[in-house]
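Thanks for making time this morning.

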Amino acid sequence: MTHETRIDDLPIRDELRGKSPYGAPQLDVPVRLNTNENPYPLPEPLVARIAERVAEAARHLNRYPDRDATELRTELAKYLTRTAGHEVTMRHVWAANGSNEVLQQLLQTFGGPGRTAIGFEPSYSMHALISRGTGTGWIPGPRREDFTIDVAAAERAIAEHRPNAVFVCSPNNPTGTAVGAETVLRLYEAAQAARADTGGALVVVDEAYGEFSHHPSLLPLIEGRPNLVVSRTMSKAFGAAGLRLGYLAADPAVVDAVQLVRLPYHLSAVTQATALAALEHTDTLLGYVEQLKTERDRLVTELRAMGCEVTDSDANFVQFGRFADSPAAWRAILGHGVLVRDNGVPGWLRVTAGTPAENDAFLDAVRAVLKENQ
Ligand code: PMP
């Protein structure tokens, strides 16, 4: 008899025992609005340009890629300078395989065993999971009932726990809530004061959904604040989740510091070529972002008109409720062929803004579910 080995039979780290990997259910249903992807495929001229640039990269695949991704970081810096209200150069920008890898590199550098990170929950659950994966202790911080950050309570939590890293997700996943510059500045000051012994604490502003916000980017706050990092991604606004390209902007010293932990040649030549091609088509892609923002606002308005509670959203998704039994509501909406996300926030579900037709299908599904439950 062979015995099937289970994870917990292996000599894995104690803190990983009994845990589940991150992942949303990927069901094969007609309308999938559960993972905050951009519903628009890349336009054909961009697809052709990617093929061209990747072909050129392929001619040199016998060699390792540019370890420093110089051209890509230069173009990302130009993009940020043009769109995020602050001038940055290649030296302020670092790129990796998705912003998840950027965040992981940050915690490998600034967190780790004996250190802690705080985030204000509910928020992007990978902040806690990447902390665990890097041996960084996780501190769940508070949020108000309306999902905004209670600055006084957050300051108290920072003073009490003295974290080495503070995550501020703006716009916040899964609630859609934007965070104001004032709040970030107060949390930054609190974190520096609490960790004066270690030369301060890293404050990570996760702007994965920054381009969808009604508010300007928090990027200008990096000026004069070497412990403040803004992380971004091409997965959402650039419609390139499959590309795996995330980046950060910060003081050049932070960029130098993450190089202490990054794997050599972590960003393949194919990835760099593809991202560069996408950046050539920025204006077209930002045009889709404008359409998605309009659709996002329509979802908020129409859900409210149906009597749902909806959290103000600055992202490409909307948190709606409240349901006495949100898992049951999730299943009922799925029964109408629409997959949304249950992020485990009691009473609430999250829907990603899709194409107008997908959003119509979603709104019809919710309408039907509300009627069934009258
Ligand atoms: N930050 C937030 C807030 C996110 O929601 C996501 C993706 N869901 C990420 C970071 C990671 O995105 P990626 O690794 O695709 O850049």
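What you see is a predicted model, in which local features need pLDDT of at least 70 and side-chain atom pairs count only at pLDDT 80 or more, while totals for chains, interfaces and linings use all residues. Residues are numbered from 1 along each chain as its sequence is written.

Let me start with the record. UniProt, in an unreviewed entry, places the feature "domain: Aminotransferase class I/classII large" at residues 31-365; its positions are given in the numbering used here, feature names are shortened, and annotations may be inferred rather than shown by experiment. Over residues 31-365 the chain is 41% helix and 15% strand, and the end C-alpha atoms lie 11 Å apart. Helices (H or I, at least four residues) and strands (E, at least two) are DSSP runs, numbered from the N terminus.

Where is Lys-236? Lys-236 sits in the loop between strand E7 (228-233) and strand E8 (246-249). Lys-236 counts as buried because it has 26 C-beta neighbours inside 10 Å; the rule is that a residue is buried if 20 or more other C-beta atoms lie within 10 Å of its own, exposed if 12 or fewer, and partly exposed in between, with C-beta atoms placed from the backbone. Leaving out residues up to four places away in sequence, Lys-236 touches Asn-36, Asn-38, Ala-208, Tyr-209 and Asn-316, where contact asks that the two C-beta atoms, placed from the backbone, lie within 7 Å.

Now to the ligand. There are 13 residues around the ligand, and those that come nearest are Gly-98, Ser-99, Ala-208, Thr-233 and Ser-235; a residue is near if its C-beta atom, placed from the backbone, lies within 6 Å of the molecule. Helix H3 (residues 98-110) gives the largest share of this shell, three residues.

In helix H10 (residues 326-335), the buried residues are Ala-329, Trp-330 and Ile-333. They cover an arc of only 105 degrees around the axis, which puts them on the same side of H10; the arc is that of the directions from the helix axis to the C-beta atoms. On the other side of H10, Pro-327, Ala-328 and Arg-331 are exposed. The cover over the buried residues of H10 includes strand E11 (338-339), strand E12 (349-352) and helix H11 (356-372).

In helix H4 (residues 126-133), the buried residues are His-127, Ile-130 and Ser-131. Seen down the axis of H4, these fall within an arc of 105 degrees, so they line one face of the helix. Their cover includes H3, strand E3 (116-120), strand E4 (137-141) and strand E5 (165-169).

Four of the five residues of E3 are buried, so E3 is largely enclosed by the rest of the structure. E3 and E4 pair in the parallel sense over five bridges, and strands pair if DSSP finds at least two bridges between them. Within this pair, Gly-119 stands opposite Pro-140 in E4.

Finally, an open sheet of three strands has the order E9-E10-E12, with antiparallel pairing. Its edge strands are strand E9 (309-310) and E12, each pairing on one side only.
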